[in-house]
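I am opening a notebook on this structure. The entries below record what I looked up, in the order I looked.

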Amino acid sequence: MDKNTITGLVLIAILLVVFSFLSRPSKEEIAAQQRYYDSIAQVQQREADLRAKAEAALANEKEKQSLDSTSLFFNARKGTDTQITIQNDVAQISVSTKGGRISAATLKDWKEQDKTTPVTLFSGEDASMNFLFYNKKETIQTEDYYFTPVNQTDTAVTMRLAADSASYIDFIYTMHPESYLVDFKIQAVNMDGKLASSNKSVDIEWSQRARQIEKGYTYENRLAELTYKVTGESTDYLSPSKNDEKELSEPLDWIAFKNQFFSAIIVAKDNFEKDAFMTSIPQEKGSGYLKQFQAKMKTAFDPTGKKASEFEFYFGPND
């Protein structure tokens, strides 16, 4: 190898070293590149976590479905939430097939602030009612099941939760002319041995957000409150202006959710048993609601079906 060749190779090597040095990324570029790789790793990790969660959820759902298949009312787990309407001259009631509960109450002779639209006390997610029954294997919560409407007329409907064609629980709603009262019965039919015969009561969970019917009022005016009547005593109420709760050791005749001018009341013909628990929570001003009410109580229930559990609802003016 001659001198010129060696010199050329050395120059090439020097050029490569210089080029490599000059083209080396800065600290900022290295940091940016590292952040890029880190973000890719994070995305990949999130994707892996999501896949893992999805697989776990799928496995859990399969297990749940397997367990549900042994449920007393398994066939009522799926359905379509449909609103069934009954009415009389003064009120219109909607009953949901999901849970078999009253889902809306409208008063025909009373108007909203526009002087045209009838007052709706509650509708949709503003209210809920859940009944709990028991057997040896499970707690049956009616809010999880779809009922079938039967025997429907303009003023009455029976919502049926069927275990099979001959065994079921009926929720029977009946309105009367010119009345804000709604009769309500829970009737078990051929449920002997399917429901726990030792359990002689049904648990009830009832909640409602009290609408602000007319603007400009304050909480201190006692325009929305939860009231109740202890059997054999006078009425009482939870605080109208602040968070309040109460557990009662005495039986109750009725519980009322009141807004400014109207009430939603449930009356138990055989009284609500002791240990009812009630809460009243003021809602944010400007939300369109005054209070969030909730009551948990229980009353007599005959799983043999010989005697129905009887109630009355009242949806109407406070006076």
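**Entry 1: a threonine and its surroundings**

I started with a side-chain pair: threonine 106 and threonine 120 are joined by a polar contact of 3.2 Å. The model I am reading is a predicted one. I looked up where threonine 106 sits, and it belongs to strand S3.

Is threonine 106 buried or exposed? Its relative accessibility is 17%, and because buried means under 20%, threonine 106 counts as buried.

I then listed what touches threonine 106, leaving out neighbours within four places in sequence. The contacts are Val90, Ala91, Gln92, Pro118, Val119 and Thr120. For alanine 91 I also looked up the C-alpha separation from threonine 106: it is 5.7 Å, although the two residues are 15 apart along the chain.

**Entry 2: the whole protein**

I went on to the overall figures. The protein has 2 helices and 19 strands. Of its 319 residues, 40% are buried. The accessible surface comes to about 18100 Å², and carbon and sulfur atoms account for 51% of that surface.

In what order do the 6 strands of the open sheet run? I wrote down S6-S5-S11-S18-S17-S14, with antiparallel pairing. Strand S6 (139-141) and strand S14 (244-248) are the edge strands, and each pairs on one side only. From one strand to the next, the twist averages 10°.

I followed the pairs through this sheet. Strand S5 (residues 127-134) pairs with S11 over 6 bridges, in the antiparallel sense. Phenylalanine 131 has isoleucine 204 of S11 opposite it. Isoleucine 204 in turn stands opposite methionine 297 in S18. S11 and strand S18 (residues 289-300) run antiparallel and are joined by 11 bridges.

The next pair is strand S17 (residues 276-282) and S18, antiparallel, with 6 bridges. Here proline 282 has lysine 291 in S18 as its bridge partner. S17 and S18 form a hairpin with 6 residues between the strands, where glycine 286 takes a positive phi near 90°.

I found another open sheet, of 9 strands, in the order S7-S8-S9-S10-S19-S16-S15-S12-S13 and with antiparallel pairing. At its edges stand strand S7 (148-150) and strand S13 (235-237); each has a single partner strand, so one side of each lacks a neighbour in the sheet. The twist in this sheet averages 20° from one strand to the next.

I looked up one pair in detail. S9 and strand S10 (residues 181-189) are antiparallel and pair over 8 bridges. Isoleucine 172 has lysine 185 in S10 as its bridge partner.

**Entry 3: salt bridges**

How many salt bridges are there? The count comes to 6. Side chains of opposite charge can pair when their charged atoms come close.

One joins the side chains of arginine 211 and glutamate 112, at 3.1 Å from N to O. Arginine 211 is in strand S11 (residues 201-211), while glutamate 112 is in the loop between strand S3 (102-111) and strand S4 (118-122); the two are 99 residues apart. Both arginine 211 and glutamate 112 are buried.

Another joins arginine 160 and aspartate 170, at 2.8 Å from N to O. Arginine 160 lies in strand S8 (residues 156-162) and aspartate 170 in strand S9 (residues 168-175), 10 residues apart. Arginine 160 counts as partly exposed at 21% relative accessibility, whereas aspartate 170, at 6%, counts as buried.

Lysine 229 is partly exposed, with a relative accessible area of 21%, and aspartate 253 is buried, with 16%.

Technical notes:
Residues numbered from 1 in each chain as written. Predicted model: local features only at pLDDT ≥ 70, side-chain atom pairs only at ≥ 80, totals over all residues. Heavy atoms only, no water. Salt bridge = Lys/Arg side-chain N within 4 Å of Asp/Glu carboxyl O. Helix = DSSP H or I, 4+ residues; strand = E, 2+ residues; numbered from the N terminus. Buried < 20%, exposed > 50% of the residue type's maximum accessible area, 1.4 Å probe, protein only. Areas by Shrake-Rupley, 256 points an atom, 1.4 Å probe, with all protein chains shown as cover. Contact = heavy atoms within 4.5 Å. Polar contact = N/O pair within 3.5 Å; in protein donor to acceptor, adjacent residues only side chain to side chain. Pairing = 2+ DSSP bridges. Axes fitted to C-alpha atoms, helices over the stretch in contact; angles between N-to-C directions.
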